[in-house]
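I am opening these notes to record what I looked up, beginning with the domains and ending with the relation between the chains.

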2 protein chains.
Amino acid sequence: MLDPIQAVISGGTVVTMDANRRVIDDGAVSIDDGAIVHVGRRDEVAALTDGWITMDVGGGLITPGLINTHTHLFQTLLKGLGDDRSLNRWLLEMTAPAAAQLTAPDCEVAAMHGAVEAIRSGCTTLVDFMYVHPHRGLTDAVVSGLDRVGVRAIVTRGFMTRGTELGVPAPLIETADEAIADCARLAAMHMGDSRIQIGIAPTLLWMIGEEDLRATRAYASQSDSLITYHLAETDFEVAYAAEHYRMSESALLERAGFLGADLLAVHCTKVSPRDIDLLANYDVKVSYNPISNMYLAAGVPPIPAMRSAGLTVGLASDGPASNNNQNMIHVLKAGALLQKVAAQDPMALTAGDVLEMATIGGAQAIGMADRIGSIEPGKRADLAIFRFTNPFATPVHDPVSALVYASSGSEATTVIVDGRLVMKEGEVTTVDEEALLRSSAAAALGLASRAGLRPSATWR
Amino acid sequence: MLDPIQAVISGGTVVTMDANRRVIDDGAVSIDDGAIVHVGRRDEVAALTDGWITMDVGGGLITPGLINTHTHLFQTLLKGLGDDRSLNRWLLEMTAPAAAQLTAPDCEVAAMHGAVEAIRSGCTTLVDFMYVHPHRGLTDAVVSGLDRVGVRAIVTRGFMTRGTELGVPAPLIETADEAIADCARLAAMHMGDSRIQIGIAPTLLWMIGEEDLRATRAYASQSDSLITYHLAETDFEVAYAAEHYRMSESALLERAGFLGADLLAVHCTKVSPRDIDLLANYDVKVSYNPISNMYLAAGVPPIPAMRSAGLTVGLASDGPASNNNQNMIHVLKAGALLQKVAAQDPMALTAGDVLEMATIGGAQAIGMADRIGSIEPGKRADLAIFRFTNPFATPVHDPVSALVYASSGSEATTVIVDGRLVMKEGEVTTVDEEALLRSSAAAALGLASRAGLRPSATWR
């Protein structure tokens with residue numbers, strides 16, 4: 001891995017996302033030993049950093065590295081194999097057969113590919129929810145792939161203990177004890193790791209039982225691990241909770257003692273006002289996945305209502321099989337637009353709101369706001385530099401508007417994680433990108449062939 | 001302007017969008033003298049084109065040039081000045097003051113900039129609806145800008161005859177006779193032009209009167225011109241029609257004799273099932289602007305219902321002030337996703353459907369299906385070549401899925417309009433793009449300053 005640089009990033013608009021939401025035109029950020037040292041006007045920082053290397057960003061935007069609070073990077077190999085299908089057909093006809101054929105090398109190359117997409121869109125931290133384990137070692141492979149590319153990540157070790165009657169392949173079923181032991185093993189390996197953390201992830205309602213929620217809670221609380229869980233994504237979960245538990249899914253989670261500030265509830269598309277209050281009482285965190293919610297036709301999560309209730313919301317791409325790229329700039333725009341049209345209110349979610357969700361809000365949502373999510377002295381040096389020079393993003397009256405509403409998604413030029421230059425002037429530095437994409441393409445073809453999968457090809 | 005090339009475009013998947021929706025893997029298209037000559041397998045076409053230059057596309061996708069059925073390119077200079085506002089505030093606080101300050105050089109550079117965005121996203125034809133005329137010559141300037149960049153276009157000369165009581169600035173008001181005379185003058189200048197046509201565009205319900213609709217209809221029918229009109233974009237128009245005309249807007253248009261197969265009705269966000277039947281009876285065409293409908297929170301147009309009723313639908317970006325870039329690849333994805341989530345049905349609109357809307361459907365919508373919209377011998381040589389080599393668009397199991405759902409929007413490499421290479425391997429050939437973007441940025445700053453406009457900057 002690269003060494004952290006000592007440098008001054010200078011000459012752009014610094015959007016700090018600090019508590020005062022300070023914005024510094026012609027600003028600078030100095031970094032050393034993996035941390036942010038100074039933040040201020042260009043001349044102020046220059047006076048304090050005599051002799052440091054200066055990187056002039058030429059009038060671009062300097063933001064905290066974006067945070068993607070939910071994805072499943074093994075699905076990188078499945079892009080476009082599940083288009084235009086119902087969620088059940090998508091799960092059972094596409095992701096299930098693929099999961100059964102998945103190998104550790106598949107997972108590693110997919111994670112590396114996905115991490116490069118993250119970096120290329122200015123994203124420095126992602127939460128990968130790895131829920132399929134036909135055999136051991138696949139989460140390890142995802143961790144390895146992310147680590148090699150140099151992003152910051154929380155990899156949550158997913159599991160399912162039931163669901164065969166609804167089509168979950170038997171080889172994917174394991175006990176909560178087995179999954180938690182595997183998770184604890186992996187977590188021990190990454191104890192003290194500056195970039196990689198391990199979390200735990202009971203997959204979703206009908207793939208686990210109430211006792212699994214209790215076991216997960218016990219493990220997470222004693223190990224101080226992030227929990228992720230797909231909550232109320234579709235009407236199916238709502239109906240399932242009503243039929244099997246005679247209560248809402250959120251109420252079940254409360255009964256199981258599962259709710260807490262360390263729970264990242266993904267989707268929440270179908271939470272009721274009562275559920276929202278319940279989640280807010282426990283300071284549960286929310287991951288908003290707008291493109292996936294549209295792609296799978298799950299519905300529109302009530303983000304403004306959740307924010308009004310005090311819930312912290314992070315933004316996310318979801319996996320590449322339900323949002324066929326991992327470009328967080330596209331997610332920013334979609335996140336604002338979906339809420340506007342759903343509410344028929346153009347103020348329902350603004351550029352500022354989604355930028356917050358993708359930075360400090362995301363950091364709060366995954367329990368890392370003490371280390372990342374804003375540009376402040378002492379925080380880890382996770383930075384994204386965007387330059388607006390292409391015709392899509394220009395002319396620029398407002399750089400944040402340009403980033404959220406006009407960018408094509410290719411505007412990130414330089415990206416820094418933990419003080420390391422993982423992308424420099426458009427070149428990913430940690431891997432041979434061309435060779436990686438060739439390996440990824442080969443792995444994708446191999447997996448589709450072994451699993452007997454073909455694209456929907458609704459256009460033929 | 002460049003000369004048309006004689007060449008064989010070879011070695012990609014040819015998506016013809018012909019009546020049989022033929023797809024040719026490892027196909028080829030030969031073009032000569034501005035027209036398509038042969039379409040077939042690579043070896044078939046090679047045998048018929050001995051001695052022709054061959055351009056190998058290296059396994060990419062060869063599609064009909066995309067068609068953008070609705071934009072207002074003067075707004076290129078206003079990107080990001082109207083974010084996160086109600087449509088009325090957007091119209092009156094932002095576009096109205098800007099319009100009053102608009103110059104012909106502004107319009108020309110804005111149109112050139114927008115045409116470059118079109119080309120860079122694989123779009124070869126666009127319909128520009130130019131509705132603000134503080135003084136004469138602005139539509140001429142838009143035409144000139146589009147012509148210089150070399151796209152195919154229908155520029156519709158918009159007008160408004162009333163609306164000052166609702167905030168339309170008085171200098172923008174003219175009579176229908178004046179507007180139609182100006183339109184006829186411009187149309188005469190472009191009679192027989194291979195790439196530029198002129199249409200007529202009464203702007204929207206509360207900016208015109210019933211007599212203006214009648215005058216427009218008379219002119220369009222005798223001159224064989226496309227009419228464009230913003231129909232039922234928001235609840236405001238619905239309420240206005242009910243209050244002032246005691247009927248739906250579509251019913252008013254019928255009473256005025258305005259409906260016809262040459263009418264491109266833009267938005268149709270708020271049409272009722274009855275309106276849809278009425279529009280279908282007259283074979284009215286529809287322009288679907290998904291990103292703008294979300295951005296302005298107008299609502300979700302009932303596209304599946306309109307298609308079921310037999311209406312022809314084209315796709316569009318809308319102007320850069322309500323969708324801050326003109327990337328048609330982004331519009332493809334948003335177009336499918338918005339309908340899926342609104343219907344809670346992932347089949348509501350598929351990749352195939354939106355690709356159809358952006359090609360042959362768009363051509364039918366603007367009365368040009370005899371010349372463009374599909375790859376068939378005898379049609380004009382308007383082609384887009386997409387290559388999937390970046391991490392967002394790859395791995396590729398299905399090239400159309402990659403285009404619609406995975407692309408970042410920068411995958412168009414080579415674009416041909418009327419047989420002319422307007423973009424070659426990522427280089428726009430007809431203008432100095434860097435100099436153009438500098439001019440556009442300067443014009444944008446100048447216009448904002450003269451009009452006293454500042455960005456919303458909800459993020460500060």
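How far apart do the C-alpha centres of domain 1 of chain A and domain 2 of chain A lie? Working from a predicted model, I found a separation of 29 Å between these two centres. For the bounds I took the domain assignment, which gives domain 1 of chain A as 7–64 + 373–428 and domain 2 as 66–365.

I then looked up the contact between the two domains, to which domain 1 of chain A gives 24 residues and domain 2 of chain A gives 29 residues. On the side of domain 1 that touches domain 2, the elements of chain A giving two or more residues are strand 5 (61–64), strand 14 (383–386), helix 15 (399–406), strand 15 (412–417) and strand 16 (420–424). Helix 15 of chain A gives the most to that side, with five residues. I noted the make-up of this side of domain 1 as 14 nonpolar, six polar and four charged residues.

Next I turned to the two chains, and found that chain A can be laid on chain B by a turn of 180° with a shift of 0.0 Å along the axis, at an RMSD of 0.0 Å. The C-alpha of A:Ser408 is the one in chain A nearest the axis, at 3.3 Å from it. I also noted that the same surface serves both copies, since 100% of the contact residues of chain A recur in chain B.

Last, I checked the confidence values: chain A has a mean pLDDT of 96, with 100% of its residues at 70 or more, and the predictor gives the complex an ipTM of 0.97 and a pTM of 0.97.

Definitions and conventions. Residues numbered from 1 in each chain as written. Chains lettered and ligands numbered in written order. Predicted model: local features only at pLDDT ≥ 70, side-chain atom pairs only at ≥ 80, totals over all residues. pLDDT = per-residue confidence, 0-100. Least-squares fit on C-alpha atoms with pLDDT ≥ 70 in both. Contact = placed C-beta atoms within 7 Å. Domains from an automatic or database assignment. Helix = DSSP H or I, 4+ residues; strand = E, 2+ residues; numbered from the N terminus. Nonpolar A, V, L, I, M, F, W, Y, C, P; charged D, E, K, R; others polar.
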